[in-house]
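Q: I am new to this structure. Please take a close look at one part of it and walk me through what is there.

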Amino acid sequence: MREIKQNTLGVREAVETRRAHKTLDPNHKMTDEEAKAILESAILSPTAFNIQNWRLVWVKDMELREKIREVAWGQEQVTSASMLLVICGDLRAWEKNPERYWRNSPTEVQEFILPAIHAYYAEKPLTQRDECMRSGGIITQSLMLLAEDMGYKSSPMDGFDYDAVGKLIGLPEDHIIVMMLAIGKPLKEAWPRGGQLPLDEVVIENRF
Ligand SMILES: Cc1cc2nc3c(=O)[nH]c(=O)nc-3n(C[C@H](O)[C@H](O)[C@H](O)COP(=O)(O)O)c2cc1C
């Protein structure tokens with residue numbers, strides 16, 4: 001067991017208490033151990049074919065954060081967060097030594113799955129992009145719940161100029177940005193929930 005203090009919230013409690021918090025304490029420092037614990041757990045999040053196509057840019061340089069904030073509607077959580085992550089996806093993770101994603105599996109599994117990975121993504125740019133968005137969304141939720149468990153709050157963001165942030169972080173040509181995530185200690189309560197849709201509008205039984 002890690003020695004990091006965790007709140008040990010139940011999963012349900014973490015899901016229900018998570019809110020987007022935009023007013024974060026700029027003076028709070030997350031320890032390296034806390035950061036490592038969040039990140040190590042988050043990368044156990046599932047990806048299709050286990051291709052682990054997320055790439056998390058942890059922006060520690062405060063000057064860079066200031067520049068990102070300028071192209072992110074001036075949103076203060078970009079600079080006040082204890083941890084700022086730009087969640088990215090590698091569009092070509094599926095073809096970059098894919099045998100490492102299945103190295104612990106029996107040979108017969110590898111022989112089946114490696115050609116299947118190729119067939120699923122090769123020459124399918126939209127599928128490659130969709131997969132980055134799916135994986136990126138899932139890992140972002142993991143990060144938010146892990147942060148919650150450690151007494152932090154979070155703020156997912158797509159309110160920024162993607163091209164400009166890409167330039168600032170040196171995004172490789174075969175990567176895309178999914179969203180940004182600010183994690184920190186809140187200075188005030190979140191706004192009341194905006195207004196949730198009823199279950200019977202969002203859950204469809206069997207067919208639309
Ligand atoms: C993908 C995504 C992008 C978002 N982008 C922003 C943003 O740029 N700025 C912001 O203030 N909130 C942003 N939000 C927060 C949403 O407004 C918020 O999650 C939503 O209103 C529901 O509130 P809750 O998260 O507190 O339950 C974003 C949320 C998501 C999931």
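A: What follows looks at the surroundings of the ligand, then at a lysine in a strand. The model is predicted.

Start with the ligand. Its shell includes Arg-18, Arg-19, Ala-20 and Lys-22. Gln-75 is also part of the shell. By class, the shell holds four nonpolar, two polar and five charged residues.

Arg-18 has a polar side-chain atom 2.9 Å from a ligand oxygen. Ala-20 uses its backbone: a polar atom there is 2.8 Å from an oxygen atom of the ligand. Gln-75 faces a nitrogen atom of the ligand, with a side-chain N or O atom 2.7 Å away. On its own, the ligand has 610 Å² of accessible area, and the protein covers 62% of that.

Now turn to the strand. Strand β3 spans residues 153–157, and Lys-153 belongs to it.

Is Lys-153 buried or exposed? Its relative accessible area is 15%, so Lys-153 counts as buried, the cut-off being under 20%.

Its side chain has a polar partner. Lys-153 and Glu-148 are joined through their side chains by a polar contact of 2.5 Å.

Notes
Residues are numbered from 1 along each chain as its sequence is written. This is a predicted model: local features need pLDDT of at least 70, side-chain atom pairs count only at pLDDT 80 or more; totals for chains, interfaces and linings use all residues. Side-chain values use heavy atoms; hydrogens and water are left out. Helices (H or I, at least four residues) and strands (E, at least two) are DSSP runs, numbered from the N terminus. Buried means under 20% relative accessible area, exposed over 50%, partly exposed in between (1.4 Å probe, protein chains only). A polar contact is a pair of N or O atoms within 3.5 Å; within protein, one must be able to donate a hydrogen and the other to accept it, and residues adjacent in sequence count only if both atoms are side-chain atoms. A residue is near a molecule or strand if one of its heavy atoms lies within 4 Å of it. Accessible areas come from the Shrake-Rupley method with a 1.4 Å probe; for residues, only the protein chains shown count as cover. Ala, Val, Leu, Ile, Met, Phe, Trp, Tyr, Cys and Pro count as nonpolar, Asp, Glu, Lys and Arg as charged, and the others, Gly among them, as polar.
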